Amino acid sequence: MGETLSTADRVILVIDERTDRASALKEMIEFMDAPEVRVTNPSEWRVSLGAQRPAAIFLTETISESHADTIVSELGEIDPNIPIVMLSDDGD
Amino acid sequence: MVTEATTAHPWAKIYRLKQPLQIDELGDVLDEIWAQHSSHRRQNRIDRASARLVGQSPSMQAIRRAIEKVAPSNANVMIRGESGTGKEVVAREIHRQSGRRGEFVAVNCGAIPDKLLESELFGHERGAFTDAAGRRIGEFERADGGTILLDEIGDMPASMQVKLLRVLQERCIERVGGTTPIPVDVRVLAATHRDLHQLIDREEFREDLFYRLNVIPLEVPPLRDRKDDIERLVDEFLSRLRDEHRVSISLTADAMRRLTDYDWPGNVRELVNVIERLSVLKTHGTVSANDLPPPIRPVGETALPGEQPSIQLVDTSLKQHLAGIEISLIRTALTQSNGVVARAAELLRVGRTTLVEKMRRYDIPAQPEAAGEDAATSTDPDLPSKL
């Protein structure tokens, strides 16, 4: 990688099975000054991104391990440097 | 926060966060993510740092407790405080904790020309006035399901006050040029640095609107009243600069003392400006008291190389700024005179009556620790009632 990303590339993708929970997370990330946060589900996340490279991907606790594994692998094909944030329930 | 690479994906940089999310932990992760973006501007960083409710002083703890209590309700909240104290930060925090799904929308009622304010708030239909080429959604509709902050509500013109009152009563808006009432589910927060009771007395603000908005009053303290937080705020801003912009400056104890001694008429916003300015003029090393800008640096001390003598321009009117300087000078004189008003007046080279009048106007008490019979405590009938 190594290229400098433009503001347009500063998209954070939240992947969640339950959109109501993801909306609250989206709001929280936006509150922290993120310019664009998109919410999607595990089967549509690539479509949701289009040709864009996300600044980071959030995988919520609703995503199964196998789904998470697939997403992380596919993300590595796009760019292995994209940070992944995995959320888990307290105590996990 | 835990950072790791998994066995299956050794290349991956994975952060693990536990629910419920802690805002600081999330902030740390996002900071690391944004650190890859060289285009991310320094001001944004400081703004975000200042956008948090930083401080552990009793007054800030009280504000946090109040926010927790009021956030879940739909009650209107009136946030009062001087310019730069962070009224919008408090409003955003109320919205964040409210669980309302819609947007947070802030409107500065004092910054929008009177003629445009109605259209800004309620929107307009096509052809409603000469420049209305198309339909426009107003801020109330944009905040539907969320929260609207009506900042500087004391500056709202009387004609708009009537319309706002109707919206608060009926929970419907009508676009300019429209005929159909549109229901809106908006939580209304208002903020002002002005004394609305005085405006009501002068018939510049509607009393019925005041009581509608002032269901829950919150007072954001000026920075001079929570000086215990100054060092924490400075550390927070310096830490941001250090982490993300490789600006590694620290302050000597004397410099920090000057910052805590200063009265900050422009409040947290002024403090942010000062730290920003220091980081531009000095990217590494230790900041001494001499490096501080006037009026924090005493008159006559040297300035940083290339620095022009100036005062800190903050987002206040000239009148407010001069008032801030006047307050600061009066407080200093009273401190030096141990609260003896006559002596403070001599120091300031004004008449005692003039000083008493100014103390009353700005609600400045003489020093509570004042000693001696001529100290301006309860023995002086001319002094403000708070003394």
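Mentor: Taking contacts in chain B between residues at least 6 apart in sequence, 68% join residues at least 24 apart, where contact means heavy atoms within 4.5 Å. This is a predicted model, in which local features need pLDDT of at least 70 and side-chain atom pairs count only at pLDDT 80 or more, while totals for chains, interfaces and linings use all residues. Residues are numbered from 1 along each chain as its sequence is written, chains are lettered from A and ligands numbered from 1 in the order in which they are written, and side-chain values use heavy atoms, with hydrogens and water left out.

Chain B has 15 helices and 13 strands, taken as DSSP runs numbered from the N terminus (H or I of at least four residues for helices, E of at least two for strands). Of its 387 residues, 49% count as buried, that is, under 20% relative accessible area with a 1.4 Å probe and protein chains only.

The part to look at closely is the largest nonpolar core, which holds 32 residues; such a core is a set of buried Ala, Val, Leu, Ile, Met, Phe, Trp, Tyr and Cys residues joined through side-chain atoms within 4.5 Å. The members that touch the most others are B:Leu121, B:Phe140, B:Ile148, B:Leu150, B:Ile153, B:Phe205 and B:Leu213. At least two residues of this core come from each of β4 (104-108), α5 (114-122), β7 (147-151), α7 (158-170), β10 (187-192), α8 (196-201) and α9 (207-213) of chain B, and α7(B) gives the most, with five residues. Leaving out residues up to four places away in sequence, B:Ile148 touches B:Val105, B:Val107, B:Leu121, B:Glu139, B:Phe140, B:Ala143, B:Val186, B:Arg187, B:Val188 and B:Leu189. A second, separate core has 25 residues, including B:Phe237, B:Leu238, B:Leu271 and B:Ile296.

One further residue, B:Asp229, sits in the loop between β11 (216-219) and α10 (230-245) of chain B, and its relative accessibility is 1%, so B:Asp229 counts as buried. Its side chain is joined to that of B:Arg226 by a polar contact of 2.9 Å, meaning a pair of N or O atoms within 3.5 Å, where within protein one must be able to donate a hydrogen and the other to accept it, and residues adjacent in sequence count only if both atoms are side-chain atoms. Setting aside neighbours within four places in sequence, B:Asp229 is in contact with B:Val54, B:Gly55, B:Gln56, B:Ser57 and B:Met60.

Key. Buried means under 20% relative accessible area, exposed over 50%, partly exposed in between (1.4 Å probe, protein chains only).
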